[in-house]
Amino acid sequence: MKERIDEILKYTRDVLESIKTSAECQTLRVETLGKNGKLTQLFRFMKEVPAEKKGEVGAMLNNAKNDIEAMISAKETFLEQAELDREIRSAEKIDITLPSQTCTGSLHPRTIIQHEIEEIFMSMGFVVEDGNEVETEYNNFTAVNVPENHPARDMQDTFWLDNGQVLKTHTSAAQNRILRKYPLPIRAIFPGRCFRNEDTDAGHENTFFQLEGVIVDKDVSVGNLIYFMKEMLSKIFKKEVEVRLRPGFFPFTEPSFEMDVRCPFCDGHGCSTCKQGGWIELCPCGMIHPEVLKNGGIDPEKYSGCAFGLGLDRMTMLSFGINDIRELNSGDLKLLKQFNVKA
Ligand code: FA5
């Protein structure tokens, strides 16, 4: 009997070594301990065992039964855990070829408008340039005809760094670099973040965006300025718009204008957007001052130019019906999600 029990124990160990799945453990359990299992059959011989040996043989058989069950259970638990790990790992596997479904960000409304305006100007032959946020005093003021101690500097109070540089107050600070960078004729736009040391309210921020444009060529006139602005505004508002020029003042343009657009929301009849006036003040502009051309290495006797400086936040607020500029810098996801254009 002992030999037979040892054989079954050995057989169980050997089979367990080669088993790869928990289902095979159950098969082995049935094969050894099931109703007609190898060990179960030995229990049937108990009735033939002499009475004085019954205790010893019975103990041997019970021990063998417990050992077999323990061996099979241990392997079964090990294999079940391995199977679970494999399942989890395969479920977590990242297929980088699948299109992403979540976690796509969205563009800020200002960025949407900026991209739209960039597309429009690029289609008219303009290059899109970048500007610095920290600028030299020369580029921000002197190069655009606002010399030291000129009262016009007070119109754009800003943040000065210890090294004498400034956080740029307007995108015009990039003009000098762009005039020097490109061969003539030049058509460029340059959006950028600007800073001014001023109180904030619904229409003013200390950090805001402008989008500036310059055109320099032979015989550039106010007519060119009006044409390009009308084209851009008509495309943005998706309808033919009417513009008008009023006299303005900027040290870097001569003559200088404020360009208004006939309110595209009420066609000039008067509404809350145009404050019942029928016109919206949108874009300061003018003919580039000869001094600014000279500072940019361009002969004003041969070339002329025009420039405009659009308030990008204002344009965004008009386009999306946002009535407080501070919303744009608030990082308020509830606001931004309304303009959920996929990046
Ligand atoms: C300028 O900054 C000129 N550099 C624009 C220019 C360029 C004129 C080229 C002529 C030729 P102004 O300070 O007006 O101009 O600002 C232009 C626009 O920027 C304003 O119409 C307004 O829309 C926006 N802006 C100015 N200050 C703020 C502010 N604190 N908050 C939000 N937007 C502002």
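**Notebook: loops, helix pairs and a ligand site**

I began with Asp-219, which is found in the loop between strand S5 (207-217) and helix H8 (222-237). This is a predicted model, and I read every entry below with that in mind.

*Entry on backbone angles.* I looked up phi for Asp-219 and found a positive value of about 60 degrees, although the residue is not a glycine. I noted the background: most residues other than glycine have a negative phi, and most peptide bonds are trans. Asn-145 also went on my list, with a positive phi of about 70 degrees, and it is not a glycine either. I placed Asn-145 in the loop between helix H6 (137-140) and strand S3 (166-167).

*Entry on cis bonds.* I then checked omega. The peptide bond from Leu-184 to Pro-185 is cis, with omega near -5 degrees. I located Pro-185 in the loop between helix H7 (175-181) and strand S4 (186-195). The bond from Glu-254 to Pro-255 is cis as well, with omega near 0 degrees. Pro-255 lies in strand S7 (residues 253-262).

*Entry on H1 and H2.* I looked at how helix H1 (residues 2-18) packs with helix H2 (residues 22-33): the angle is about 170 degrees and the axes are 11 Å apart. An angle over 145 degrees counts as roughly antiparallel, so H1 is roughly antiparallel to H2. From H1, I listed Ile-8, Tyr-11, Thr-12, Val-15 and Leu-16, which meet Leu-28, Glu-31 and Thr-32 of H2. By class, I recorded five nonpolar, two polar and one charged residues in this contact.

*Entry on H5 and H10.* For helix H5 (residues 109-122) and helix H10 (residues 312-320), the axes come within 9 Å and cross at roughly 100 degrees. The two helices are therefore roughly perpendicular to each other. On the H5 side I wrote down Pro-109, Arg-110, Ile-112, Ile-113, Gln-114 and Ile-117; they meet Leu-312, Asp-313, Met-315, Thr-316, Ser-319 and Phe-320 in H10. The classes here are seven nonpolar, three polar and two charged.

*Entry on the ligand.* I found 22 residues around the ligand, and those that come nearest are His-170, Ser-172, Arg-196, Glu-198 and Glu-205. For Ser-172, an N or O atom of the side chain is 2.8 Å from a nitrogen atom of the ligand. For Glu-198, an N or O atom of the side chain is 2.9 Å from a nitrogen atom of the ligand. Arg-196 has a polar side-chain atom 2.9 Å from an oxygen atom of the ligand. Last, I noted cover: on its own the ligand has 670 Å² of accessible area, and the protein covers 88% of that.

Terms used
Residues numbered from 1 in each chain as written. Predicted model: local features only at pLDDT ≥ 70, side-chain atom pairs only at ≥ 80, totals over all residues. Heavy atoms only, no water. Axes fitted to C-alpha atoms, helices over the stretch in contact; angles between N-to-C directions. Helix = DSSP H or I, 4+ residues; strand = E, 2+ residues; numbered from the N terminus. Parallel < 35°, antiparallel > 145°, perpendicular 65-115°, else oblique. Contact = heavy atoms within 4.5 Å. Nonpolar A, V, L, I, M, F, W, Y, C, P; charged D, E, K, R; others polar. Near = heavy atom within 4 Å. Polar contact = N/O pair within 3.5 Å; in protein donor to acceptor, adjacent residues only side chain to side chain. Areas by Shrake-Rupley, 256 points an atom, 1.4 Å probe, with all protein chains shown as cover.
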